[in-house]
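Student: I am new to this structure and would like to go through it with you, step by step. Could we begin with what lies inside and then turn to how its parts meet?

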Amino acid sequence: MLKTLKRVFSYARPYIRYFVLTILFALLGVSLSLAVPVFIGKAVDLCVGKGDVDFEGLKTIVIELAVMVSASALFQWLMSLCTNKLAFLTVRDLRTDIFNKLERVPLRYIDLHTKGELTSRVINDIEVISDGLLQGFTQFFSGVITIIGTLIFMLTINVRIAIVVVLMTPLSFIAASRITKASHDSYIKQSKLRGEMVGIAEEMAGNQKLVKAFVYGGHAQERFAEINTAYGKIGTKATFFSSMTNPVTRFVNGLIYAAVGFLGAMGVIGKIAFVGKMTVGSLSSFLAYSNQYTKPFNEISGVFAELQNAVASAQRVFDVLDEEEVSDDSAKETLSDCTGELTFENVCFSYVSGKSLIENFSLDVKCGERVAIVGPTGCGKSTIINLLLRFYDIDSGRITVSGSDISDITRDSLRSCFGMVLQETWVFTGTVAENIAFGLPNATREQIITAAKAVHAHGFIKRLPNGYDTVISESSGLSQGQKQLICIARVMLMDPPMLILDEATSSIDLRTEHRIQRAFAKLMQGKTSFIIAHRLSTIKSSDVILVMNSGHIIEQGTHADLMARGGFYAKLYNSQFAA
């Protein structure tokens, strides 16, 4: 816990000036507020006697009190301002770090965690850190100053009663520490379940068409209800323990206040010599200080409860920040001249250790060749692309591009040689022009329009409300086919030396597909191209067709050659036209 706290506050170190100002304003504000009971006590002594009220003296005291209270409020406001600056700047850096971290972790880590869980860590958990740790810390600090200040003032009024108050104080700490310890584990479990709940909510909300089409709504409700029930139970348990802290400490503080009132009253009437002589005004001041002295313990106990939740959230954030990153390859050579030649030499790979997928895979691709990869689902077609672009690193073997081992060149220079269109479409929130220019941000409007026309997207784009300046997103109402046309236009605009088309026309009607195939044929001239397709009719013109099964190339040749053999490919091709 201390290690986590230390790490959180290390993010606040660049903003130490706000921390110093927070301490300064807290000292000034609390000091002025602590002086108020002294003047109240003096005012009481000026009006205790029957018919003996010093109005002039009271007037002076009231003016002084007004000035002190106003100044104290001002300093408290300035302290809150600095606190918020410190908190929000700190969590801004923390959120930036975790977002950048997600850009550097291996894709394997992203694949193994739901988007909802990662989103929860970036947003929800960091908000909890801001509220529970950073802002709670300043509340804790001002509380400590109040306790020390009130204790000093009480000692100046009556040492013996002040000692009694101090001796009873550990009762609050003991009660709060026992309860805090009991709630710690509950808050950790609550934080974990919160991430799971956000994950399933995002999955179901983002795929409502499929949920309703497969009548999965009832099952989804059951899954959510199960997690929600567990979250409710553990949350109730955590809240129960944390909510006990305040009433228990208030009860102890009530005992302290009663003891002070009794002993002080005995001192005023002179019944207990141990207490010493006190005036009514000094007793009033002491009771006010006693109340101020015990109040911060209630606030601090509340901070401890929030602290448990914040530490649990901080640990989830740091778990991401501590993940292994993709190795830095900035010192490696840059692939400046990509000729399009490519080889796989005895490549082996598996997503799960001990469960092999690609075994001894070898392939030699010449510059400008059009290579189609076909095979049943799960045979390793898309995995080949993942390895080629180093989304995953191979277990053994060697892959070369233009004679250079891809492990010896930077990932950026390697990936800049490829233009890729995936089966899954993706558009971000921005204009149509910005989406098309995603891979070439400095492209002119004329270049963007030319790329859109090449893939027959210009027509529907012009019919949008603002044409190429229309802001779109995943939920903007575009059809799946229109989104895919925009994705294809991105590659057209980049004009890379090598192409990867992974089911690139799967969401487009047959008429548009024929047009795009002609556009692709023009684009692929002189370029090395990899085409992954399930509709085998779209790859008949490929220079070479690789037929894969269980991670191995089992057949290789042109469409005519493979059909003449009557092997696996021929059966796969004919099965698409079977009745």
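Student: Which residues touch the most other members of the largest nonpolar core?

Tutor: We are looking at a predicted model, and its largest nonpolar core holds 41 residues. The largest share of this core, seven residues, is supplied by helix H17, which covers residues 480–494. Those that touch the most other members are Ile 436, Ile 539 and Tyr 569.

Student: At what angle do helix H15 and H17 pack, and how are they oriented to each other?

Tutor: In this contact, Gln 447, Ile 448, Ala 451, Ala 452 and Ala 454 of H15 meet Ala 489, Met 492 and Leu 493 of H17. The residues involved divide into seven nonpolar, one polar and no charged. Helix H15, residues 445–454, has its axis 8 Å from that of H17, and the angle is about 125°. Angles from 65 to 115 degrees count as roughly perpendicular and those over 145 as roughly antiparallel, and H15 and H17 are therefore oblique to each other.

Student: How is H7 oriented relative to H10?

Tutor: On the H7 side, Ile 161, Val 164, Val 165 and Met 168 take part in the contact, and they meet H10 residues that include Val 252, Leu 255 and Ile 256. Helix H7 (residues 159–168) and helix H10 (residues 217–269) have axes 10 Å apart and pack at an angle of about 165°. Because angles over 145 degrees count as roughly antiparallel, H7 and H10 are roughly antiparallel.

Student: Is Thr 146 buried or exposed?

Tutor: Thr 146 belongs to helix H6, residues 124–157. Leaving aside neighbours within four places in sequence, Thr 146 is in contact with Val 30, Leu 34, Gln 292 and Pro 296. The relative accessible area of Thr 146 is 15%, and since the limit for this class is under 20%, Thr 146 is buried.

Student: What is the distance between the C-alpha atoms of Met 79 and Ala 43?

Tutor: Met 79 is placed in helix H3, residues 55–104, and at 9% relative accessibility Met 79 counts as buried. Apart from residues up to four places away in sequence, Met 79 touches Thr 22, Phe 25, Ala 26 and Ser 142. Met 79 and Ala 43 are 36 residues apart along the chain, and their C-alpha atoms are separated by 30 Å.

Student: Does Ser 404 count as buried or exposed?

Tutor: Ser 404 has its place in strand E5, residues 404–405. With residues up to four places away in sequence not counted, Ser 404 touches Glu 333, Leu 335, Ile 399 and Ile 409. Its relative accessibility is 14%, so Ser 404 counts as buried.

Student: How far apart in space are Ser 336 and Ser 416, C-alpha to C-alpha?

Tutor: Ser 336 sits in the loop between helix H11 (280–321) and strand E1 (342–349). With a relative accessible area of 71%, Ser 336 is exposed. Ser 336 and Ser 416 are 80 residues apart in sequence, while their C-alpha to C-alpha distance in space is 9.8 Å.

Note on methods. Residues are numbered from 1 along each chain as its sequence is written. This is a predicted model: local features need pLDDT of at least 70, side-chain atom pairs count only at pLDDT 80 or more; totals for chains, interfaces and linings use all residues. Side-chain values use heavy atoms; hydrogens and water are left out. A nonpolar core is a set of buried Ala, Val, Leu, Ile, Met, Phe, Trp, Tyr and Cys residues joined through side-chain atoms within 4.5 Å. Buried means under 20% relative accessible area, exposed over 50%, partly exposed in between (1.4 Å probe, protein chains only). Helices (H or I, at least four residues) and strands (E, at least two) are DSSP runs, numbered from the N terminus. Contact means heavy atoms within 4.5 Å. Axes are lines fitted to C-alpha atoms, for helices over the stretch in contact, and angles run from 0 to 180 degrees between N-to-C directions. Angles under 35 degrees count as roughly parallel, over 145 as roughly antiparallel, 65 to 115 as roughly perpendicular and the rest as oblique. Ala, Val, Leu, Ile, Met, Phe, Trp, Tyr, Cys and Pro count as nonpolar, Asp, Glu, Lys and Arg as charged, and the others, Gly among them, as polar.
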